[in-house]
Structure formats: structure tokens, C-alpha cells
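Open the model in your viewer and keep the selection tool ready. The tour goes from one selection to the next and says what is there.

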Amino acid sequence: MNIETYFEYCLSKKGVTEHFPFDEDTLVFKVGGKMFALSSLRGWENGNPSTNLKCDPDRAEELRAQYDDIKPGYHMSKIHWNTVDVNRDVPDSFVRELIDHSYDLVFKSLTKKIQNEIIELSN
């Protein structure tokens with residue numbers, strides 16, 4: 001997966017916006033004002049692409065045990081976030097699945113009003 005594919009996939013989800021709230025390097029994708037994916041642009045440029053994704057705590061533990069390239073979230077809550085090293089032992093199709101899972105967790109945590117606004121704007 002390259003940065004363009006990652007970028008386009010995250011932005012293809014309903015109501016997603018991109019931000020640089022921390023610095024010029026950390027690209028953050030949000031839905032309803034809440035983060036669901038973060039990534040260092042420098043990491044991608046230097047050949048070490050990774051993304052931080054929200055994850056159900058029980059599933060996060062299972063994934064870390066199953067994949068060497070899924071670790072506790074770097075600079076994030078280690079319970080709710082994973083760092084996924086891209087282009088290693090995690091297939092691209094599974095990275096997309098993990099992005100979907102992160103997006104869904106965050107979307108479901110939004111108020112019904114915000115969820116409905118996102119759905120209406122996307123139709």
C-alpha cells in the first residue's frame with residue numbers, strides 16, 4: 001500500500017476530514033470531529049509506513065499476538081489504539097479492514113444527531 005492508496009481509502013469513508021492538528025508531519029483522519037487514523041508522512045517517505053488505528057480492546061490484544069507488525073498505539077492509549085506497520089506482515093486487504101473497524105468504532109461513538117448529519121451529507 002502506498003500513501004496515496006491509504007489517503008484515498010481513509011477519505012472515501014462517509015464524513016471524513018483530514019487534519020494536521022499536532023504538526024506538519026502527522027496526518028490525522030477524523031469523522032465527526034474524532035480521530036480514527038493517524039500517520040506520519042515522514043514515515044511513509046522514509047520507507048517505514050505505519051498508521052495508528054482505534055481498535056476494540058480485546059481484538060487489539062489478539063491482533064498484537066497474531067501479527068508482529070501490530071503493536072500498542074504509539075503515543076496513544078495502548079488499550080484502544082494499535083500501530084500497524086504497513087507493507088510488512090499485515091496484508092493490505094487486512095489494513096483496509098482495520099481502517100474500517102477503526103472508523104466504525106468512532107462513528108458508532110458519535111451522537112445519533114451527528115451520525116445522521118454525516119449520513120445525510122453523504123447521500
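Predicted model: local features only at pLDDT ≥ 70, side-chain atom pairs only at ≥ 80, totals over all residues.

Is T83 buried or exposed? With a relative accessible area of 9%, T83 is buried, because buried means under 20% relative accessible area.

**Stop 1: around T83**

T83 is found in strand β6. Show its side chain together with that of N52: a polar contact of 2.6 Å joins the two. Now select what T83 touches, leaving aside neighbours within four places in sequence. The residues in contact are S50, T51, N52, D69, I70, K71, P72, G73 and Y74. Keep K71 in view, as the next stop uses that residue.

**Stop 2: K71, D85 and R88**

Select K71 and D85. These two form a salt bridge, and their closest N and O atoms are 2.2 Å apart. K71 sits in strand β5 (residues 70-72) and D85 in strand β6 (residues 81-85), so the pair links distant parts of the chain, 14 residues apart. Together, K71, D85 and R88 are linked in a network of salt bridges.

Switch to a surface view and look at these residues again. D85 is buried, with a relative accessible area of 10%. K71 counts as partly exposed at 33% relative accessibility, and R88 counts as partly exposed at 44%.

**Stop 3: D25 and R42**

How many salt bridges does the count come to? The count comes to six. Another one to select is the pair D25 and R42, whose side chains meet at 3.8 Å, N to O. D25 lies in the loop between β1 (16-19) and β2, and R42 in helix α2 (residues 41-45), so the pair ties together parts that are 17 residues apart in sequence. D25 is buried, with a relative accessible area of 10%.

**Stop 4**

Zoom in on V31 and select what V31 touches, not counting residues up to four places away in sequence. The list is K14, G15, F36, Y103, V106, F107, L110 and I118.

**Stop 5: two cysteines**

Select C10 and C55 and draw a line between their sulfur atoms. The sulfur of C10 is 15 Å from that of C55, the closest cysteine sulfur, which is too far for a bond. C55 is in no disulfide either, since the nearest cysteine sulfur to it is that of C10, and a disulfide needs sulfur atoms within 2.5 Å. A search of the whole structure finds zero disulfides. Both cysteines count as buried: C10 at 0% relative accessibility and C55 at 3%.

How values were computed
Residues numbered from 1 in each chain as written. Heavy atoms only, no water. Contact = heavy atoms within 4.5 Å. Salt bridge = Lys/Arg side-chain N within 4 Å of Asp/Glu carboxyl O. Helix = DSSP H or I, 4+ residues; strand = E, 2+ residues; numbered from the N terminus. Buried < 20%, exposed > 50% of the residue type's maximum accessible area, 1.4 Å probe, protein only. Polar contact = N/O pair within 3.5 Å; in protein donor to acceptor, adjacent residues only side chain to side chain.
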